[in-house]
Amino acid sequence: MEKDSGIIRLEDIYKIYRVGNQEVRALDGVSLSVCRNEYVAIMGPSGSGKSTLMNILGCLDSPDSGHYYLNGVDVSEMDDGDLADVRNREIGFVFQSFNLLPRYNALENVALPMVYAGVPARERLSRAAAALESVALGARMDHRPNELSGGQKQRVALARALINNPSIILADEPTGNLDTSTSIEIMRLFDEIYRRGNTVIVVTHEEDIASYAHRIIRLRDGKIESDEENTDITKTFKFHTK
């Protein structure tokens with residue numbers, strides 16, 4: 001495979017931390033690729049390396065060695081400023097804790113990434129309103145986070161993640177603070193996003209959340225333990241829609 005043939009390609013990625021006198025290999029020679037419009041879940045127990053891998057995929061951190069190609073560009077050795085630009089342009093984030101600014105309403109929270117992208121104010125508000133409509137929150141645009149339910153907050157976070165038309169939607173435990181019925185609702189939204197042509201990567205420790213993905217990568221001790229197609233995806237959706 002050529003370096004630019006997939007949206008993501010990791011080559012022999014290492015990330016090592018020192019805890020006292022001990023060396024912890026959070027990522028120990030990880031190599032993988034993700035093609036455009038894949039829906040991937042990354043799983044693993046605590047300490048498996050999945051959070052470290054998420055940080056590298058999201059350009060929140062850099063590997064100690066190895067190469068990370070994003071859309072054919074090696075981002076592994078970029079400085080913080082260049083990484084911030086890549087994050088804003090290429091990656092839409094969805095977090096367990098929503099990461100909404102409490103003093104801003106839903107419309108302003110969704111519009112925020114466009115401020116950093118230099119989009120004019122009128123266009124920002126127009127696009128943010130359309131994004132909120134697309135996640136069925138058109139009637140909650142002027143509500144602040146403390147006036148929204150957990151599911152509504154995550155819908156705002158999803159609209160914000162999509163606002164700059166990123167290459168990748170990267171979700172870290174996106175249903176961790178939600179009840180079961182709301183979790184199913186949010187995962188159906190992720191499936192809709194995938195079906196529109198987006199690349200979706202979900203980092204989770206929950207088997208039922210990973211079961212929505214079409215490919216499941218499992219980590220253990222900083223290495224890829226398995227990387228398999230989810231052959232039960234049809235069964236999963238039949239179960240979750242009952």
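This is a predicted model: local features need pLDDT of at least 70, side-chain atom pairs count only at pLDDT 80 or more; totals for chains, interfaces and linings use all residues.
I searched the whole structure, and two aromatic pairs came up.

Entry one, the tyrosines. I looked up Tyr39 and Tyr194, whose ring centres are 5.5 Å apart with the planes at 45°, so I logged the pair as tilted. Next I checked where the two partners sit. Tyr39 belongs to strand 3 (residues 39-43) and Tyr194 to helix 6 (residues 180-195), so this contact ties together parts that are 155 residues apart in sequence.

Entry two, the phenylalanines. Phe93 and Phe95 make up an aromatic pair as well, and I noted this one as stacked, with 5.6 Å from centre to centre and 5° between the planes. Is Phe93 buried or exposed? I found a relative accessible area of 16% for Phe93, which is under the 20% limit, so Phe93 goes down as buried.

How many of the eight residues of helix 1 are buried? I got six, so I wrote down helix 1 (residues 50-57) as mostly covered. My list of the buried ones reads Lys50, Thr52, Leu53, Met54, Ile56 and Leu57. I then read on past the end of the helix: Cys59 follows helix 1, and its phi is positive, near 60°.

Notes. Residues are numbered from 1 along each chain as its sequence is written. Side-chain values use heavy atoms; hydrogens and water are left out. Rings of Phe, Tyr and Trp (its six-membered ring) pair if their centres lie within 6.5 Å; planes under 30 degrees apart count as stacked, over 60 as edge-to-face and the rest as tilted. Helices (H or I, at least four residues) and strands (E, at least two) are DSSP runs, numbered from the N terminus. Buried means under 20% relative accessible area, exposed over 50%, partly exposed in between (1.4 Å probe, protein chains only).
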